[in-house]
Amino acid sequence: MVGESGDERAERRQGDNGHRTVPHTADVRIEAWGVSREQCLVEAVLGLVECFADVSRAHPTAVERVHLSDDDGDDLLAALLDEVILELEVRGRVPVDVVVEPAGEALEARLAVAELSDVEIVGAAPKGVSWHGLHIGVDPYGWSCAVTVDV
């Protein structure tokens, strides 16, 4: 991805997955990468959660299954992150682990969730996904994505 440091480039060449946040005025910008589209989506969710909650000590209490259309477009990324925000706002739960896998003609995301009261809040809760600058696609090292999240 443009602007990645030498360390991140070296990690990506070795086939690592990851994410980071970058400064953005009044919002949160998340960049994620993975060896596959599914792993890139997982990293985007983990990056989103990391912006507002420390889930390192939390234990999941339920698993939510999210069915997503098997589309390579940016709406796939937006739809998954919107589901995470919905889970937070409506049910008061936050993902502590994520798996995204093909499921026939679609994708299935399994979100292992913990109660919001069981995690440490470290930032403002996300309110929505911005379509401005939203991207997911193939790059020289696998897949990468970028998204701005309103907080």
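This is a predicted model: local features need pLDDT of at least 70, side-chain atom pairs count only at pLDDT 80 or more; totals for chains, interfaces and linings use all residues.
Local features need pLDDT of at least 70 and side-chain atom pairs count only at pLDDT 80 or more, while totals for chains, interfaces and linings use all residues. Residues are numbered from 1 along each chain as its sequence is written, and side-chain values use heavy atoms, with hydrogens and water left out.

Start by selecting Cys 40 and Cys 145. The sulfur of Cys 40 has its closest cysteine sulfur in Cys 145, 3.5 Å away, which is too far for a bond. A disulfide here means a pair of cysteine sulfur atoms within 2.5 Å, and the count is 0. Cys 40 is buried at 0% relative accessible area, and Cys 145 is buried at 1% (buried is under 20%, exposed over 50%, partly exposed in between, with a 1.4 Å probe and protein chains only).

Now turn to the salt bridges (a side-chain nitrogen of Lys or Arg within 4 Å of a carboxyl oxygen of Asp or Glu); the whole structure has 8. Select Glu 31 and Arg 20, whose closest N and O atoms are 2.6 Å apart. Glu 31 sits in strand β2 and Arg 20 in strand β1, 11 residues apart (strands are DSSP runs of E, at least two residues; helices are runs of H or I, at least four; both are numbered from the N terminus). Both Glu 31 and Arg 20 are buried.

Next, pick Arg 93 and Glu 64, a salt bridge at 2.4 Å. Arg 93 is in strand β5 and Glu 64 in strand β4, so the pair ties together parts 29 residues apart in sequence.

Finish with Arg 91 and Glu 87, which meet at 2.8 Å, N to O. They lie 4 residues apart in helix α3, about one helical turn. Arg 91 is partly exposed at 41%, whereas Glu 87 is buried at 3%. Select Glu 64, Glu 87, Arg 91 and Arg 93 together: salt bridges that share partners join them into one network.
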